[in-house]
Amino acid sequence: MKILKNIDTEVLKSFRAPAFPGSYFLSFEGIEGAGKSTQIIQLKDYLESKNFNVIVLREPGGTPFGERLRKAILESKSEIHPLAEANLFASARAQLLWEVVLKELENPGTIIIADRYLDSSLAYQGVGRGLGFGHILNLHSQFPLNLVPHLTFYIEIDVETSHGRQKLRNAPKDYFESQGDDFYTKLISGYNQALELFPNRIKRIDGTRKLDEIQSEIRVMTDKLISENKSVTDQKEL
Ligand SMILES: Nc1ncnc2c1ncn2[C@@H]1O[C@H](COP(=O)(O)OP(=O)(O)OP(=O)(O)O)[C@@H](O)[C@H]1O
Ligand SMILES: [Mg+2]
């Protein structure tokens, strides 16, 4: 496993899922247009029908402080230095964990769904911007940034599919969407490396299939997590 060579195993061991009985933390990952937001809405409905209290968070953002940082990044007209970018995302995330995630998970029956999380930082800043996985993992190795989801759905699509769906959406391009194909290829490679590093936590989903098929797969995996009730103990292998 080539990626593991350059990564401090102690740092890797610092990552754990939050342990609150009956509550779960999920995240969705994938490049622009993968279908994250679409799938999250449907999963939220499904979980609410099972009487869970579902809270969807978007990254960066989710708190007043985080939303301001989100604007600073996504609406920036000039290029942001990769280190500034990585630290801004980590700042928004630390605040979100402290202000929202940890407090909400204390209530049993809560499911937090994050629209992007740590793996976006690994893919975008670690590989896309070239800071390296080691840097991003180090930056997240202390509490509360070392908290990772119980389950992460990586919805995988290719660059062409992403472009096609972005065109259909017809919205103005944001900071990341205006990047070229090379950048997207790097992101996909970044996500693949994250999968290598966290094979138990991250589930790869083929995002080029029909919406309903993807949703069924996601529901089956979520049901399995809940039935195994993994959140009561710290997961050793993430
Ligand atoms: N499996 C699918 N098949 C066909 N179209 C899809 C599929 N999934 C999503 N779409 C369409 O692609 C577009 C992008 O989907 P969505 O907004 O959910 O992606 P996203 O991953 O949240 O993107 P972003 O990172 O830009 O927020 C939407 O118009 C959506 O309807
Ligand atoms: Mg979205």
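Predicted model: local features only at pLDDT ≥ 70, side-chain atom pairs only at ≥ 80, totals over all residues.
Two strands count as paired if DSSP finds at least two bridges between them.

Stop 1: Select the five strands E1 to E5. They form an open sheet with parallel pairing, in the order E2-E3-E1-E4-E5. Now pick out residues 53-58, strand E2, and residues 202-206, strand E5. These two stand at the edges and have a single partner strand each, so one side of each lacks a neighbour in the sheet. Going from one strand to the next, the twist averages 20 degrees.

**Stop 2: one pair of strands.** Select residues 24-29 (E1) and residues 110-115 (E3). The two run parallel and are joined by five bridges. Which residue of E3 is the bridge partner of Ser27? It is Ala114.

**Stop 3**

**Stop 4: two packed helices.** Two packed helices are described by the angle between their axes and the distance between the axes. Select H3 (residues 64-74) and H4 (residues 82-105). Their axes are 9 Å apart, at an angle of about 160 degrees. Angles over 145 degrees count as roughly antiparallel, and H3 and H4 are therefore roughly antiparallel to each other. The crossing of H3 past H4 is left-handed.

Next, show the side chains at the contact. H3 contributes Phe65, Gly66, Leu69, Arg70, Ala72 and Ile73. From H4 come Glu85, Leu88, Ser91, Ala92, Gln95 and Leu96. Coloured by class, this contact shows seven nonpolar, three polar and two charged residues.

Key:
Residues numbered from 1 in each chain as written. Chains lettered and ligands numbered in written order. Helix = DSSP H or I, 4+ residues; strand = E, 2+ residues; numbered from the N terminus. Axes fitted to C-alpha atoms, helices over the stretch in contact; angles between N-to-C directions. Parallel < 35°, antiparallel > 145°, perpendicular 65-115°, else oblique. Left-handed = near helix turned anticlockwise from the far one by under 90°. Contact = placed C-beta atoms within 7 Å. Nonpolar A, V, L, I, M, F, W, Y, C, P; charged D, E, K, R; others polar.
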